[in-house]
Amino acid sequence: MESYEIHVNERDVRIEDVVPREDEKERASGCYIMSLVAVMIGLPMPIINLLATGIFYFMSRKGTFFVRWNSIQALISQVPLFIMNNILFWWTIRILFCFTDLSSVYIAYFFTVNIYNIYDFIETVRSAVSTRKGLIHRWYLYSTITDKICKR
Amino acid sequence: MKKILKEFLISASLFFSIFYVTLQVDWMKLFHLQPTIVGDKLSEWVWKMAESSLWKVNNHDVCAPIDSLVYEMCKANDISMADVHIIVNRDNEVNAYATVGNHLIINTALIKKMENESQLCAVIAHEMAHLRLGHIKSAVRQQAVITVLFTLISGNGHSEVLANLTSKIISNSITRAKENEADEHGAHYMHAMHINPMEMASTLEKFESYGILSYLMDHADSKKRAAHIRKMHFPDNGPYRKILSQETWEKLKRACQ
């Protein structure tokens, strides 16, 4: 039987100190996989990945600290992506519907957002794999915000 | 909180630095792209579909006089003939419209209704002014997207429906101010080719008296527009002339029966 530590009444315990159970690892990893799948299915519609991660967060918010922490990090990681992709999406629609012309600024933004999307995709895969192993993959900035929001 | 702010600033700076670097490249030049490439490509595609629904008239008695009128108009107004493609379409609807790819479609029913070459010139000048002033371009490009969506939704390209949609929606999307502007420019085109510009006003009034609903629906307030032309002042440029002989004009009318 697998053993794990329970930190009772320790609000400031670090996420790294938590030893998750097998089902926790699976659920926490699912948060990242959910956003990955949502990105792949609903790539042209940037709202879909945020919605999917949001729904998964609401489903997991009554879960354990490990699951909550990872679902919040997954959710936060989708917010900037949602904003950037939304701008790109509506800009593209405006070009396609001829309300504005294609420009170098649009292409520059397209490349920048794609670089960010690739970075986000790689980090999400790494997080999903690490979480499944029971490890914590900390994202720059997002993990700091998650630490602040998610208390035990 | 300070840590979050610091990390946020670093992340934002990194993002904007990448954006700034990519901004330094002239991508349009690098990929040989035109700013209007999307609309132009769609317009091309729509034109190919719309073209198939037209009954092009290749009769020499029809094409030659129309070409002569357009040639004289282009010559007098420094317009390249290559920039305008005139197509005479066998159709019972009294209509003429400018559409994608600088095409100017004139229906045979319209030619049949015209009493003289000046009236026909007025219609051609008005539509050519729309093309030259860029009124059609944006409307056409937007219409092209609507047509593409229509085709995708319906699953096939009913080109006749598409052609009708194209002319109707483009005409309706042109505002009254633009119609007046096209009338004014058209009248100047006629004046430059030594044709009485007041024929533009007479043509508009005649359309109303004919009760040609299709044309009036698309080009509302013909009376007001005619009055606007009548108020315009044109410098005297000698006697007005006729481009086509009476015989050629009658042949043209007969060929359009």
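**A sheet and a chain contact, step by step**

User: What is the strand order of the open sheet in chain B?

Analyst: Keep in mind that we're looking at a predicted model. The sheet in chain B is an open one with 3 strands, and its pairing is mixed. Reading across, the order is β1-β3-β2.

User: How many bridges join β1(B) to β3(B)?

Analyst: β3 of chain B covers residues 103-107, and β1(B) runs parallel to it. As one spot to look at, Val88(B) stands opposite Ile106(B) in β3(B). The number of bridges joining the two strands is 5.

User: Which helix of chain B packs on the sheet by touching β2 and β3?

Analyst: There are two helices to check here. Helix α4 (residues 60-76) of chain B lies across β1 and β3, at about 145° to β1(B). The helix touching β2 and β3 spans residues 117-132, and its direction makes about 20° with that of β2(B). That's α6 of chain B.

User: Which helix gives the most to the side of chain B that touches chain A?

Analyst: The contact takes 24 residues from chain B and 21 residues from chain A. On chain B's side, α1 (2-23), α2 (27-30), α3 (37-51) and α7 (135-154) each supply at least two residues. By class, that side has 14 nonpolar, 6 polar and 4 charged residues. The helix giving the most, with 10 residues, is α1(B).

Methods:
Residues numbered from 1 in each chain as written. Chains lettered and ligands numbered in written order. Predicted model: local features only at pLDDT ≥ 70, side-chain atom pairs only at ≥ 80, totals over all residues. Contact = placed C-beta atoms within 7 Å. Helix = DSSP H or I, 4+ residues; strand = E, 2+ residues; numbered from the N terminus. Nonpolar A, V, L, I, M, F, W, Y, C, P; charged D, E, K, R; others polar. Pairing = 2+ DSSP bridges. Axes fitted to C-alpha atoms, helices over the stretch in contact; angles between N-to-C directions.
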